[in-house]
Amino acid sequence: MRRTIAVLAGLVLALAGGACGGTDEPPATPAPAERPAAGDHELTLRHDGVERRYLLHAPPGYDPARPTALVIALHFFPGSGAGMRELTGLDARADRENFLVAYPDGRDGGFNALICCGSADDVGFLRTLTGHLVDTWRADPDRVYLTGISNGGDLSFRLAVEAAGLFAAIGVVSGGYSGPLTEPDSYVPKRPVSVITFVGGQDRYAGIFQDGLRTWQRRLGCRPVAGGTPAAPAGLSRADARCADGSDVTVWSLPEMGHSWPGATSGQLAAPDAGVSATDLIWEFFAAHPRRT
């Protein structure tokens with residue numbers, strides 16, 4: 001009997017030793033909870049079975065108890081959210097105007113937009129990301145905006161159509177509304193989405209962008225705004241139109257600019273001498289265009 005008790009006691013001690021960390025493996029550390037606060041954040045969001053990365057900038061005046069405007073900025077191909085942050089300088093404008101800025105990374109440096117790049121469900125990812133930022137970071141659903149350059153600009157047009165009602169307005173730089181998806185006349189937003197866009201005359205895709213803008217405006221019944229367009233700097237032109245659904249379209253034409261971001265002072269695709277700041281003009285347009293219901 002004593003031997004049986006001793007064996008059982010040994011087994012209990014062995015099991016207890018294992019339970020108390022008898023191996024050299026450290027205990028697993030749970031991931032920290034996401035806590036909305038001012039500052040720069042490196043975050044991930046799981047979508048379609050993949051961890052997607054994005055940067056989020058919350059301005060010093062950010063208050064998680066109050067709804068805050070949100071701008072999502074989409075990079076060129078190949079690129080990254082960090083490169084888009086450097087190029088646009090949106091963080092500084094966000095600090096002055098008190099809005100959130102998110103910079104998602106595309107898969108393998110690109111987004112699945114209208115003509116390239118990749119096969120990821122980026123429409124679904126941006127829907128999920130927006131919903132997360134509305135729910136967790138108190139982004140104001142009536143003031144959610146999307147901007148992008150090149151591949152990111154193309155995806156902005158795609159989301160304006162396929163996620164209609166999610167974004168109040170888009171700002172497209174050196175990007176366009178073109179490709180097989182856009183061929184049917186029915187491929188337009190079913191709810192109003194206003195557009196501001198910048199086209200460089202030296203951009204090899206300028207003709208494609210201009211054709212796409214004409215198609216967009218024809219399909220949405222857009223008409224030029226008479227007498228109310230502010231003067232553009234010398235050598236540049238600006239055209240404003242109001243569409244049948246109440247959305248607005250502003251087109252900036254910059255004859256001497258290539259495939260670039262006007263006014264950017266650093267980063268790939270910067271055009272510091274373009275004559276206007278796309279970052280400033282896009283935010284001013286966004287601020288004047290909350291979601292139409």
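This is a predicted model: local features need pLDDT of at least 70, side-chain atom pairs count only at pLDDT 80 or more; totals for chains, interfaces and linings use all residues.
1. Two helices, α5 (151-162) and α6 (206-219), each supply at least two residues of its lining. If you want to find those helices in the viewer, start from these residue ranges.

2. How big is the largest pocket? Its volume comes out at about 270 Å³. There are 16 residues lining the largest pocket, and those closest to its centre are I115, S150, D154, Y205 and H259. Sorted by class, the lining has 7 nonpolar, 7 polar and 2 charged residues.

3. Now for the second largest pocket, with a volume of about 190 Å³. It is lined by 16 residues, and R238, D240, T250, F285 and H289 sit closest to its centre. By class, the lining of the second largest pocket splits into 8 nonpolar, 3 polar and 5 charged residues.

4. Next, have a look at N112. You'll find N112 in the loop between β4 (100-104) and α4 (122-137). Is N112 buried or exposed? With a relative accessible area of 18%, N112 counts as buried, because the cut-off for that is under 20%.

5. What does N112 touch? Its side chain reaches the backbone oxygen of A120 at 3.0 Å. Leaving aside neighbours within four places in sequence, N112 is in contact with C117, G118, S119, A120, D122, L155 and R158.

How values were computed:
Residues are numbered from 1 along each chain as its sequence is written. Side-chain values use heavy atoms; hydrogens and water are left out. Helices (H or I, at least four residues) and strands (E, at least two) are DSSP runs, numbered from the N terminus. Buried means under 20% relative accessible area, exposed over 50%, partly exposed in between (1.4 Å probe, protein chains only). A polar contact is a pair of N or O atoms within 3.5 Å; within protein, one must be able to donate a hydrogen and the other to accept it, and residues adjacent in sequence count only if both atoms are side-chain atoms. Contact means heavy atoms within 4.5 Å. On a 1 Å grid over the protein atoms alone, a cavity is a set of points where a 1.4 Å probe fits but cannot get out, and a pocket is an open set with protein on both sides within 12 Å along at least five of seven lines; lining residues have an atom within 4 Å of a point. Grid points are joined across faces, edges and corners, and a volume is the space filled by probe spheres set on the points. Ala, Val, Leu, Ile, Met, Phe, Trp, Tyr, Cys and Pro count as nonpolar, Asp, Glu, Lys and Arg as charged, and the others, Gly among them, as polar.
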